[in-house]
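The tour moves from one selection to the next.

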Amino acid sequence: MKNPSNPVRLGPLTAETSPDIPQGRQRVNSRLLFGTQNEIVIEHQGDEYRLRITSNGKLILTK
């Protein structure tokens, strides 16, 4: 597992309440995660995953 040189720490995320969101799930706006970047690294169970925004505005998750 790599250690990013300048990790961004997010504060507590607030779930939106909506009838479209199943109970117990959170909705997070991608702008909150990405800020001004097009790619973020997500650590999950010791592995790194990259989530990026494509030039067409779609999300791609890769290991």
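**Stop 1: a charged pair**

Select Arg-50 and Glu-39: they form a salt bridge, with the closest N and O atoms 3.2 Å apart. A salt bridge here is a side-chain nitrogen of Lys or Arg within 4 Å of a carboxyl oxygen of Asp or Glu. Arg-50 lies in strand β2 (residues 47–53) and Glu-39 in strand β1 (residues 39–44), so the pair ties together parts 11 residues apart in sequence. Helices (H or I, at least four residues) and strands (E, at least two) are DSSP runs, numbered from the N terminus.

This is a predicted model: local features need pLDDT of at least 70, side-chain atom pairs count only at pLDDT 80 or more, and totals for chains, interfaces and linings use all residues. Residues are numbered from 1 along each chain as its sequence is written, and side-chain values use heavy atoms, leaving out hydrogens and water.

**Stop 2: the other pair**

The structure holds 2 salt bridges. Next select Asp-47 and Lys-63, whose side chains meet in a salt bridge (3.3 Å, N to O). Asp-47 is in strand β2 and Lys-63 in the segment after β3 (59–62), 16 residues apart. Lys-63 is exposed, at 68% relative accessible area; Asp-47 is partly exposed, at 29%. Buried means under 20%, exposed over 50%, partly exposed in between (1.4 Å probe, protein chains only).

**Stop 3: Phe-34**

Now select Phe-34, in helix α1 (residues 30–34). Is Phe-34 buried or exposed? Phe-34 is buried, with a relative accessible area of 4%.
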